[in-house]
Amino acid sequence: MSFLAKVSRLDRRWIYLMIALSVALPLVWPFSMPVKVSPHVQSVYAALDALPRGSTVLCSFEYGPSTMPEVRPMADAVLELLIQREHKIIVMCLWAEGVFMARDILDDVADGRHHLEYGKDYINLGYKAGNEVVIKSIAESFTRTYPVDTRGQATASYPIMQGIENLANIDFIFSFSAGYPGTVEWVQYAADPYDKPLSTGCTAVQVTEVVPYVHSGQCRGILGGLSGAAEFEHLLRDKGILPALGAANTGMSAQSIAHLVIVLFIVIGNVAFLVERRRQRKY
Amino acid sequence: MLFKRWIPLGILIFVGLLTLVSWFVPHDPIGHLGQDFSQFFDILASFAIILGAANLIKLQGLKILQRKRNWPYSIVTIVGFLVMAYVGMNWHSYFGSQARYLAGTQVNHPQSHFFWIYWYIFQPLSATMYALLAFYVASASYRAFRARNLEATILLAAGIVVMLGRVPLGQTFTGWLPEQGFASGFRLEQVADWIYTYPNTAGQRAIMIGIALGVVSTSLRLILGIEKSFLGEE
């Protein structure tokens, strides 16, 4: 068997080993690389930056543990910006898992880092079944859709909810999304019909379906995948909002090497395939 | 015939038409009724969980009883389901503290059994499953991503450009090109952005418009009573 034939039939365990090393080593010994902030990420910052201090921002959590490494860093950075600008944050979840994701990050950022007061500076309304119908429902009334929050208290009893009747009283919507229901539903059922500004942080695989809404102006920019989160962290650090780069940039070095290794495998596989095909045609 | 056909059809036509009209006439009473009908979906979705749970128990139970392939996994499924249902519905399922918590908050409270199981069992398992994708994607790309014809070659080239153009290390390959002017358009991140902006957006919009037309035509068929498959008819 020729060398190229051997290469084209490479045992998959070698590929697994290379991928494992390419992901693990940069995580153990992270290295930084220059990150160029894309226009989509700049649009997200510009949209949030334009909000007057003390605005009410609705943050929706639509991701779970599987996509947490990709979406959590952007949620962390966005919440940091919102809190520093003294915005009121209303959290809700269209995914059942989103409740845990929201709780994790609020405990970390709002409670731990900034010692915000629950019910006054932010509130977690939790999860409600119904997907896009929940969005339609909050357009009518928050308190009817969420009579109690995740702590079991009447939603209407919190100071943050005073004067917040429905979606019309929300100044900005931010969707942390990893699929359905997510950003697309927020555009179709809230941002577009009620003319509300919306931005999103979503997984890389979702970027292809959200990008058309960004180009049409229905979504103000997009943080796409871990690279989008890394760019946003760079932008916030340069603006003095983040003291240091976060988890997205650590993960970015691992993702860079992993992408490179996968591309190398694809190239090697194709070279072997083309040479083999030429040889077969010859004989 | 009346209960099986005409009443469900009448409800569908009435609710469908009213919901459609409420979009264009958002004033009371039509607007309010349209909102109420949307709420019906919430209620029905909540009831659907009972059906789903019963179906899960039935299918997995049959698998165990008939000793079908991989039946021990069905035991894990049923035990996992029952344990989560118990700790999720039990208002007093907490660790240590005897503090009195409000009913319903046990699914969100860090001291609850539900939260513990979710955070320390489900979360790592789910993350592990997703992380394994990287290995399968790499292996599958190596074996299946071949330049067999023109279409496959274009797809291959676009995939490689986007993969490299989205990460800083990949961007360094064309980092020597100027950031402004005509040549900047050949930088990997620019080409990746171009792929997202034009071919991808065009394709996505075509899909979205196709889906929207399909939804409109199916909805009209349902509202006009032409489509009766939901009644079990041909």
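Predicted model: local features only at pLDDT ≥ 70, side-chain atom pairs only at ≥ 80, totals over all residues.

Biologist: Okay, how is chain A divided?

Modeller: Chain A is split into domain 1, made of residues 3-27 + 254-282, and domain 2, which covers 39-246.

Biologist: And how many Å apart are the C-alpha centres of domain 1 and domain 2 of chain A?

Modeller: Those two centres in chain A are 40 Å apart.

Biologist: Switching to the inside, which residues in the largest nonpolar core touch the most other members?

Modeller: That core has 101 residues, and the ones touching the most other members are F61(A), M74(A), V91(A), I173(A), V210(A), I222(A) and F232(A). Helix α4 of chain A, residues 68-84, is the main contributor to this core, giving nine residues, and both domain 1 and domain 2 of chain A supply at least three residues each.

Biologist: What does V91(A) touch, leaving aside neighbours within four places in sequence?

Modeller: With those neighbours left aside, V91(A) contacts C59(A), F61(A), A102(A), L106(A), Y122(A), I123(A), N124(A) and L125(A).

Biologist: New topic: how many residues does the contact take from chain B and from chain A?

Modeller: Chain B puts in 48 residues and chain A puts in 50 residues. On the chain B side, α2 (30-65), α4 (113-144), α5 (150-165), α6 (168-171) and α7 (188-223) each provide at least two residues, with the largest share, 15 residues, coming from α4(B).

Biologist: By class, what is on the side of chain B that touches chain A?

Modeller: That side of chain B has 24 nonpolar residues, together with 17 polar and seven charged ones.

Key. Residues numbered from 1 in each chain as written. Chains lettered and ligands numbered in written order. Domains from an automatic or database assignment. Core = buried A, V, L, I, M, F, W, Y, C linked by C-beta atoms within 7 Å. Buried ≥ 20, exposed ≤ 12 C-beta atoms within 10 Å, placed from the backbone. Helix = DSSP H or I, 4+ residues; strand = E, 2+ residues; numbered from the N terminus. Contact = placed C-beta atoms within 7 Å. Nonpolar A, V, L, I, M, F, W, Y, C, P; charged D, E, K, R; others polar.
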